[in-house]
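Please look at the sequence and the structure first.

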Amino acid sequence: MARRILFLGPPGAGKGTQAQLLADAIGIPHISSGAMLREAVADGTELGKKAESIMAAGDLVPDDLVVAMIEERLAKDDARAGYILDGFPRNVVQAKALQAALGDDAIDAMLLFDVGEDELVDRLLGRAEEGRADDAEETIRRRFDVYRGETEPLIEAYADRVIAVDGTGSVDEVFDRVQGALG
Ligand code: ADP
């Protein structure tokens, strides 16, 4: 089974939830760039101070900062047996940096989560009530634009290892599909 897995999909597709379930099931770390950045903001680190307003606007944090953060994380012992990358790489520059650091087998499978846009917006607006700062309506729109412009081109870059997963339905239904997709 693939053990260096990238989860890709639009904001609200449920990647984070599914990545955590799979990571727990197979015993490899779930590495979420968004969660790491939110933690840096909460801790008030130098990185967090630089990232905060950018994230609140729905834009991408500069590549050099995110690449350094993820490379440091991937160098830890627990990532040696595999990892689930969630939110990184998010554009072609980051994918190239990952390849330069770890080679072409840095990712052996990419799960692409497919959910219709109306459902995504409903899910994100629902989550806004739970208090995530970047889930306000204009920010959501900006995050979709960034996804289409910057992140979707990665589908092409990893076309030889992509597995599409229908992301609609309950968490359990989607997780069954995730496990099925990876065999
Ligand atoms: P989602 O994909 O649901 O919008 P994430 O938790 O993955 O949410 O990311 C939240 C925010 O964190 C992004 O909108 C962006 O500002 C920042 N971010 C996360 N990952 C990256 C990355 N790889 N490069 C640049 N910015 C990132």
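## Around the ligand

Helix α2 (residues 33-43) supplies the largest share of the shell around the ligand, four residues. Helices (H or I, at least four residues) and strands (E, at least two) are DSSP runs, numbered from the N terminus. The shell holds 20 residues, and the closest are Ser33, Asp59, Gly87, Gln94 and Arg143; a residue is near a molecule if one of its heavy atoms lies within 4 Å of it.

This is a predicted model, in which local features need pLDDT of at least 70, side-chain atom pairs count only at pLDDT 80 or more, and totals for chains, interfaces and linings use all residues. Residues are numbered from 1 along each chain as its sequence is written, and side-chain values use heavy atoms, with hydrogens and water left out.

## Polar contacts

A polar contact is a pair of N or O atoms within 3.5 Å. A polar backbone atom of Asp59 lies 2.5 Å from an oxygen atom of the ligand, and a polar side-chain atom of Lys15 is 3.5 Å from a ligand oxygen atom. For Val61, a polar backbone atom is 3.1 Å from a nitrogen atom of the ligand. The ligand taken alone exposes 550 Å², and the protein buries 96% of that (Shrake-Rupley method, 1.4 Å probe).

## The sheet

Five strands form an open sheet in the order β2-β3-β1-β4-β5, with parallel pairing; two strands pair if DSSP finds at least two bridges between them. Its edge strands, β2 (30-32) and β5 (162-166), each pair on one side only.

Strand β1 (residues 4-8) is joined to strand β3 (residues 83-86) by four bridges, and the two run parallel. Ile5 has Ile84 as its bridge partner in β3.

Conventions:
Polar contact = N/O pair within 3.5 Å; in protein donor to acceptor, adjacent residues only side chain to side chain.
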